[in-house]
Amino acid sequence: MTLLITGGAGFIGSAVVRLAVSRGMRVVNLDALTYAACLDNVAEAAKSPLYSFEQADICDRAALDKIFEKHKPTAVMHLAAESHVDRSIDGPGAFMETNVMGTFHLLEAARAHWTTQGKPDDFRFHHVSTDEVFGSLGATGQFTETTPYDPRSPYSASKASSDHLVRAWAETYGLPVVMTNCSNNYGPYHFPEKLVPVIILNALAGKDLPIYGDGSNVRDWLYVEDHADALLTVLDKGELNRSYNIGGENERTNLQLVETLCAILDEKRPKNEGSYADQITYVTDRPGHDARYAIDPNRIRNELGWRPSVTVEEGLERTVEWYLNNAAWYEALQNRDGVGERLGKG
Ligand code: NAD
């Protein structure tokens, strides 16, 4: 197998690159290296002869054609995207370009390549998406694979659009696709503008720990390495033209999550006085902030036998430990445009 991974220098893509290479797969990492990318995330994997890198924008069809022609991938896993909801509120255009048009160009390049290869049955186009396409839940219920789409932010609308394109390419052209919709990820190499790293790094710097609104918004949290394992499971065993919801069955309010991170930090790097939780500050809510996401993971559990390997407490502990030991990694990213600023106030 030669697996072309788009967005492999990002948070989740790099976890897939590391895992796939460790499992002996040949990997081509295609990434435009936007502000969110960091090639250090794959520095170890890059030492392997199984790994190659191509810097390209998924909106550049000519570049995509050359990469398909050169590497002749037998599968594509598509993770490249603009991924930060707050940035999508301030500047939705880039989300439409990459997440919608970029997915269109990638589908067309993949279809041309698959056709040139004689339309092999075992070719796969695996589209990686989010649970945010399903909208916002009340206090009960879970998203299943048949929950109607109801995206409510520019980010989730752009991801929903890309999901529709992928389904259309499967129906219309017969492109062999699988799809996944996953809940919130956390773990090592998480770019320092997302909630979990913001809390850890602000806590260590003695800064405020910002909680949007009253902190009651609920998310389901999944350790990124478990997500990478789920993605390779779906790629390997998933049924054609089928989507799988991936979740950790770890629902937490944002406030609970932040309090857990503070408790872990209190133990691992105690302050001279008081708790990191004393730094919690409530800030204006995000416009259109979805109240609750929850995943029904029964399909991937029952059909493919996948389940997460760590609880959220174990995963968060590993994550805090990783940030405590990798200051050079995050310090290099903290100077990037917009990092450390409050974005997406609308
Ligand atoms: P990320 O922002 O950390 O990484 C995205 C990567 O894509 C970066 O390396 C970036 O350089 C690259 N990229 C962006 N635009 C590109 C373009 N035009 N051409 C080529 N490369 C480009 O994102 P992430 O958090 O790792 O998310 C990866 C995928 O998983 C996304 O599709 C996202 O929607 C989905 N997802 C994320 C989460 C989450 O919790 N982070 C949850 C579910 C699904």
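Reader: Buried means under 20% relative accessible area, with a 1.4 Å probe and protein chains only; which residues of α1 are buried, then?

Author: This is a predicted model, and in its helix α1 the buried residues are F11, G13, S14, A15, V16, V17, L19, A20 and V21. That amounts to nine of the 12 residues, so by the under 20% cut-off the helix is mostly covered.

Reader: What covers them?

Author: The cover over the buried residues of α1 includes the strands β1 (2-6), β2 (26-31), β3 (51-55), β4 (75-78) and β7, together with the helix α7.

Reader: And how far does α1 reach from its first C-alpha to its last?

Author: Helix α1, residues 11-22, reaches 17 Å between those two atoms, which is close to the 16 Å expected at 1.5 Å a residue. Just after the helix, G24 takes a positive phi of about 85°.

Reader: Switching to strands: which way do the residues of β5 point, and are they buried or exposed?

Author: R124, H126, V128 and T130 point one way from β5, while F125, H127 and S129 point the other way, and all of these are buried. As background, side chains in a regular strand alternate between the two faces of the sheet.

Reader: How does β6 look on that count?

Author: In β6, which covers residues 177-182, six of the six residues are buried. V177, M179 and N181 point to one side of the strand, and V178, T180 and C182 to the other.

Reader: How many bridges join β5 to β6?

Author: Six bridges join them, and the two strands run parallel. Within that pairing, H127 has M179 of β6 as its bridge partner, and the chain gets from β5 to β6 through helix α5 (residues 154-173) in a β-α-β crossover that is right-handed.

Reader: Which residue of β6 is the bridge partner of H126?

Author: In β6 the partner of H126 is V178, and H126 is also the bridge partner, in β5, of M77. The pairing of β4 with β5 is parallel as well, over four bridges.

Reader: Now β7: in what order do the strands of its open sheet come?

Author: Three strands make up that open sheet in the order β7-β9-β11, with mixed pairing. β7 (184-186) and β11 (251-253) each have a single partner strand and stand at the edges, so one side of each has no neighbour in the sheet. From one strand to the next the twist averages 50°.

Reader: How many bridges join β7 to β9, and which helix packs on the sheet?

Author: Three bridges join β7 to β9 (residues 218-223), and these strands run parallel; N184 has W221 in β9 as its bridge partner. Helix α7, residues 224-237, packs on the sheet and touches both β7 and β9, its direction making about 75° with that of β9.

Reader: Last one, on the whole chain: what radius of gyration does it have?

Author: The protein chain has 20 Å, which agrees with the value near 20 Å that a compact globule of 346 residues would have. Its C-alpha trace spans about 65 × 45 × 40 Å along the principal axes, and 56% of the 346 residues count as buried. Among contacts between residues at least 6 apart in sequence, 81% join residues at least 24 apart, in a chain whose secondary structure comes to 11 helices and 12 strands.

Key
Residues are numbered from 1 along each chain as its sequence is written. This is a predicted model: local features need pLDDT of at least 70, side-chain atom pairs count only at pLDDT 80 or more; totals for chains, interfaces and linings use all residues. Side-chain values use heavy atoms; hydrogens and water are left out. Two strands pair if DSSP finds at least two bridges between them. Axes are lines fitted to C-alpha atoms, for helices over the stretch in contact, and angles run from 0 to 180 degrees between N-to-C directions. Contact means heavy atoms within 4.5 Å. The expected span of a helix is 1.5 Å times one less than its number of residues. Buried means under 20% relative accessible area, exposed over 50%, partly exposed in between (1.4 Å probe, protein chains only). A crossover is right-handed if, with the strands pointing away from the viewer, the path from the first strand over the helix to the second runs clockwise. The radius of gyration is taken over C-alpha atoms; the globule rule is 2.2 Å times the number of residues to the power 0.38.
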